[in-house]
Each structure stands twice: as structure tokens, then as C-alpha cells.
Amino acid sequence: MSEVNSPPARGGAPRFITARPRLALLLGLVITALAVFAGSGVADRMGSGGWEDPDSTSAYATKALEREFPASQPNLLLLVDSGRAGVDDPAVAAEARRLAERLAAEPGVVGVGSYWQTGSPALRAEDGREALIAARIEGDEKSRGETLERMGPAFRGTHGPVEVTIGGPVAVQHEMQTIIQEDLLRAELIALPVTLVLLVMVFGSAVAALLPLGIGIVAILGTNAVLRGLTEFTDVSVFAMNLTTALGLGLAIDYALFVVRRFREELAGGAGTGAAVATTLRTAGRTVLFSALTVAVSLAAMLVFPQYFLRSFAYAGIAVVLLAAAAALILLPAALLLLGHRVNALDLRPLFARRKGKAGGTGEDPGAGWARTATLVMRRAPLFAVGTAAGLVLLGLPFMGVKFGTADDRQLPSSAESRIVQEHIRDGFPGSPGGGLEVLAEGRATAAQYAEYRDRIAGLPGVLRVDGPVTSGTYAYFSVQPEGEAVAQDTQRLVGELRGQKAPFTTSVTGSAAVLVDSKDAIADRLPWAAGTIVVATLLLVFLLTGSVLIPVQAVVLNALSLTAMFGAMVWVFQDGHLSGLLGFTPTGDIETTLPVLMFCVAFGLSMDYGVFLLSRIKEEYDTTGDHEQAVRFGLRRTGGLITAAAVILAVVMVAIGTSRVTNTKMLGLGVALAVVMDAMVVRSLLVPAVMRLTGRATWWAPAPLRALHARFGLSEGDGEGTPGPAPAATPVREPEPAIRR
């Protein structure tokens, strides 16, 4: 460990902070105020889609059909309920035609068609009481939503003998975007006060507790400004707002906990305020910077995927991580310099004194429980290593039965209007309108050639009927209605068979199942690149931290094990529907294709965050004493309470996100919360010390060339020597442990 009276840290940024703390804070406040202005209205500019591959065959066919045959791709559906009169009643038919004419006259609306115009049985409910008016709203997601907001009130509700409700993809996306914004506000109102209470319990001081919360708010506001700027150049998913809040609060609090904790430790050891800040920046500051890099790399891996849903989380994640680290390393040290010993002001521990009186009267070091845990685990290392790993693998087994699908209206709460419309269509209309496949044909062909192709694909297994062709110049399209559900496995196989059919013209297949097939292929093609990026970067960064060859491998394997419970719960709960009543969602029997990728990148990065905190203290003690087991025991003693406190706070934030009424957001919040808790309380406290005990001093081995590389470029939380082994012992400074402890 670094000695208390260490010289000030070198470097321009630390010198600027220590020399002009008021100016640093003032600049930070000005930038934050500008971020509030720049980030205002960001959610209104975001989209709620982005699950498809924009470069896929299905995306090409969809765009061509939208351009050449707008009526073939309706995204707005008016469900007309005639009550007992029936849709063929003359008064009902007359009113429905008037509604269709009014809809066709709306700016930005094209391709209007209805049961009363076409007589198509697919647009008439089987009981004869409901029928559909279909249309297409042109433009991008934002303009389509604005059009729907403008015209919706004029069509929704009672019109003479009929009742109209609005559905279709545009309505589903717009309602989902609105609900996400409302749920995010509620999540923030839940998370902020609960987080503040937990921070007071951790620090005791109200002043110290407010500092991490302030850093989190700065990170969130700054990220909103970044996302607002990105919407000018690319599509950004509204779902990324949830990650901004979760990581903005979670990571900023993690980093601030680590910095404030080390600062208070140095003050308790007798250091002056300036020396305490300098030592904190050189030690905890390096760890925070290192942790931010590891988390950012994990999130950056999502940039390799073409779906803007995933790329949006990379944009938001990288921005919020780097801003949280910057605020923790610039604004927080400046505030600590100005506060000095007043960081311990407004001590609220007497409020908890009655609860802690009996336990706290012994005078025992609060970290002793973690030290005893480490001793017990290392004494029975094989048992804990095998038992814990086996348990984690067992929890992940349900993921072996995962089925991938697409997000639809059932993501929304059962009371949502657009979901109600889609459920009426799904349950009451023949052949699931809008759930079929479209085959785009390009090139000149005769009527006989079209007919021969239509008859051939109509004979494929799983095809209910084929309509068309509808022609326009050198373009034509066929509508293929599958026997099964829109994205069932049989329908996905049908996509492949349609694409394999030879024809005298060029064909492209689109539709829900085709989009899903292409999305799965895009993820499968790029997943090795994303995983390789994360693994290689993790191996490199952990090597630079520790100088060991074995520890980086351990970090990757143990991090992966920490995620098994999350993936198992994802399938057992959200796919299979266990606890759906308690959690308030509708299981669809599958998992949206991009969600596992997103949750892996987020949870892996957060696991590395805690891993870096623990390894940095173990490495620091090992450099000081050369005693491997003592270093592990010391590391867990010093960080066990800190990591647990940080994990509980981050889990609270993620659970608040998980209260969302949108299923995918609920899955993200609750799944990552489970992964964080498992990593902090099982992997870091049981599996890591057990595995490090089994590997012994070999844990720190590296070949001579790599030792030389680490000595030159390595990053460590100590004074920077970087070479494992005994060093002159410094007098350790024992800081108070967090109140949340084992």
C-alpha cells in the first residue's frame, strides 16, 4: 500500500485540480448546465425499433415494396367494431367508407384500403363484428409518430354506429416510446431516494453520500446531450435511455464510492487534504480509469452489429461510462479538496445506532467478517471452487432451451390500445393479417411465368395460400400466408425454401419471419467478432493491471460464470413464463434476438468493474508483502463491503428500471440486477478467493518478456512499479468499512 505522506501525483490534470478546484467545479457546472439545454427533448427524437439488419435482403425488399406498392406494407390499422349490427350492415359500411376516405385525405397517409373496398376476407373478423381499414404512414419513425399524434384523436372513438381503435406497427412503436419515457421517469423517482438512503448507510455522512449521487446526475445529463447530438446523424433507440440512467447512477456511484472511500482513508491516516487527494488520484483514480476502460470496451463490442438497437446501447454506454469516470476524477477530487474533513459532516449514523448498537459495541474491524470469509474459502478452496462453479452452471442450464423471436405488441401492457387491437386481429381474424410473407419480384416476366411461380410456391409445405401477383412496371409481389404463426419455426424454414426457389426474375423475401431470420444471421456472423473484442481487450487490460498471465484468463472465465444465472432466468422466467403473473408481463415463448447480446455486454462490463476493484487491492498488497494468501485476504477485507454496497445500489437502480411495463426493459433491468448481485456476492466473495488459492503464487507468473512489458506500460493502483513480489512494507491505513457488509 502507498504510504500516507506520498508526493503529489504528477500530470497536468491532477495539478490543475489541486491548484484550481473552484475553477474546475465551476467549469463542470457550466458544462453540465449546457448539457441540460443540449439534451432536452432527446427522447422525442429517438426510435423504438432497430431490431432488423438494415443491409439484409428482407430490409431491401421492404423498402422496395414501400416505394412501389405502399398498400402492401400497411403500418396503421383502424379496427372498426360494429357491435351487433355486423360489418355488412349498410349504415356501418357507409360510415366505414367515410372513415377510409377521410384517412386517405390525411397528409402523409398512402395506400388506404379496407374490407368495405376490397371485400378481402382477411380484413373481416370471423364473427362478422369487426373489420379493418389499413393504411401506410410515410416518413421516418419520428415523422410517423408525429402524424399519428396529429390524426389519431380524429379517428379514435365513436363514429355513428361504429367504434374505432388504432393499432398497427406505427401505433405499437409510438405507444412503446411513450410508455418507456413514463416508466423511466418513475424509475428515476424510485431509484434516487432509495440510492441516497443506501449511500447514507454506507458513508454515515450526508455530505459524503450526496457526492456520488451528484456525479451520477452529471453523467446522465452529459450522456443525454451526447445522444441528442447523435440523433442528428444516426438512428438511436429510446431503449438506450434506460441504460443511460442505470449506468449513469450505478457506475458513477461505484467510482465515487471508491474515490471517496480512499480519500477518507487517507484523512483518517493523518494526511492533509491536498496529499489525501493526490494519493487518492494516484491509487483509486487509476483503478477508476482502468475500470471505465474495461466497461467501455465491453459496451463498444455492440458497435460491430448492424442493428441500431444494439449500436444505440454502445453509444449511450460508452458516453455514460467515460463521463462518469471523468466526473469522478475531475469534479469529485475538486469537491473533496474544498470540503476536506467536512466530507464527514452531517453524520447520520446516530439514526442507525439503535439498530447497530449490539453488533457495533465489540470494536471489531467491520472488514473482519470478509477476512474470515476469505480464510474459510481458501482453507476449503477445492470444495468452494467446484461447488460454486457447478451451482452457477446449473443455474444457467435453462438457457440451453432458448428460442429466439421478435418483439411485438405483447411487449406492451395488456391495457395498451395498440396491443388490444393486435390481440383482436390475432384471435379473431383469419390468417393473421400482417403476419405473412411477401415475395418481391424484379424483372420483366409474362403472366404465365408469374402464374407458374405462384403455383409452385403455393405447393410448398406450410403455405396456406398465395395471393398475387400485384404488378407495377418491372416490379411485382406475391403475398404468402403461412399455416403457422408469423415467426414460428416452420415459418422461418419457409423463408429459406422461398428464397431457394428458382424463378425467371429476381426474388427477395420479407415479412416478420424473414426479418427474424436475417437478424439472427447478422448476429451469428458478427458475434465472434464482438466476443473476441471483449475477450482480447479484457485479457490485455487485466494483464496491464496485474502483470500476470493467469489472472486475465481467470477474469474472463469467472466473469462468464457470473452471468449464467442471468441467462438461465431469462429463459425460465421471460420465455417460459414462470413468475409472469407476479412480474406483470405476457410470455411469448421466445426471447427477442438482440437481448442476450445486449445483456451479456452490459453485465460482463459491470462484472469487470467489480473485478478490477478487487484485483487492484490484491495486487497492491501483494506488491507490498509478497504474501499471496494474505494479499487475497486483504483484498477481500478492503473491498468486500465496498463491492457489496456498490452492487446493492446498482441492483436497486436496475430493479427500478425493471419495474417498466415494457417486457424487454423489464428483462434488461431485472436480469442485469441478478447478474450484478451474483457477481458481487458469489463470484467475488467465494469463487475468486478459492480459485486464487488453488493457483497459489503461480497466479502472478508471467514470462520475462511480458514482465518487461508490464514494467514499462503496466497500470497499477500502487506507486507504479508493476513488478510482483515483496516490497518494503508501508504502514497500512485502516479505513472504516461500509455499513453494508457481510
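1. In this predicted model, strands β7 (residues 437–442) and β9 pair in the antiparallel sense, with 6 bridges between them. Within that pairing, L440 lies opposite Y477 of β9. Strand β9 also pairs with β8: 7 bridges join the two, and they too run antiparallel.

2. Strand β8 itself covers residues 463–472 and contains P469. The peptide bond that joins G468 and P469 is cis, with omega at about 10 degrees.

3. A further backbone feature concerns L579. This residue is not a glycine, yet its phi is positive, at about 70 degrees. L579 is placed in the loop between α21 (564–575) and α22 (580–583). Its relative accessible area is 44%, so L579 counts as partly exposed.

4. Because 8 of its 8 residues are buried, β3 is largely enclosed by the rest of the structure. In a regular strand, side chains alternate between the two faces of the sheet. In β3, E130, L132, A134 and R136 point one way, while A131, I133, A135 and I137 point the other way, and all are buried. The buried set thus includes the charged residues E130 and R136.

5. The partners of β3 are β1 and β2. Strand β1 (residues 76–81) is joined to β3 by 6 bridges, and the two run antiparallel; here L76 stands opposite A135 of β3. Strand β2 (residues 109–114) pairs with β3 over 4 bridges, also in the antiparallel sense, and G113 is found opposite A134 of β3.

6. As to nonpolar packing, side chains of this kind tend to be buried together in soluble globular proteins. The largest nonpolar core in the model comprises 158 residues, and those with the most contacts inside it are F239, Y255, L257, V321, L336 and L598. Helix α12 (residues 308–339) gives the most to this core, namely 18 residues. Setting aside residues up to four places away in sequence, L257 touches L199, V202, F203, L642, A646 and I649. A second, separate core has 34 residues, including L79, A134, F155 and A171.

7. T665 belongs to helix α25. With a relative accessible area of 2%, T665 is buried. Apart from its neighbours within four places in sequence, T665 is in contact with I180, F239, N242, I657, G658 and S660.

8. Which elements give two or more residues to the lining of the largest cavity? The structure holds 3 cavities of 30 Å³ or more, and the largest has a volume of about 100 Å³. Of the 13 residues that line this largest cavity, A555, L558, L615, R684 and V688 are the closest to its centre. The elements in question are α20 (550–562), α23 (595–625) and α25 (663–695). By class, the lining has 9 nonpolar, 3 polar and 1 charged residues.

Definitions and conventions
Residues numbered from 1 in each chain as written. Predicted model: local features only at pLDDT ≥ 70, side-chain atom pairs only at ≥ 80, totals over all residues. Heavy atoms only, no water. 1 Å grid on protein atoms, 1.4 Å probe; cavity = no way out; pocket = protein on both sides within 12 Å on 5 of 7 lines; lining within 4 Å. Points joined across faces, edges and corners; volume = space filled by probe spheres on them. Core = buried A, V, L, I, M, F, W, Y, C linked by side-chain atoms within 4.5 Å. Buried < 20%, exposed > 50% of the residue type's maximum accessible area, 1.4 Å probe, protein only. Contact = heavy atoms within 4.5 Å. Pairing = 2+ DSSP bridges.
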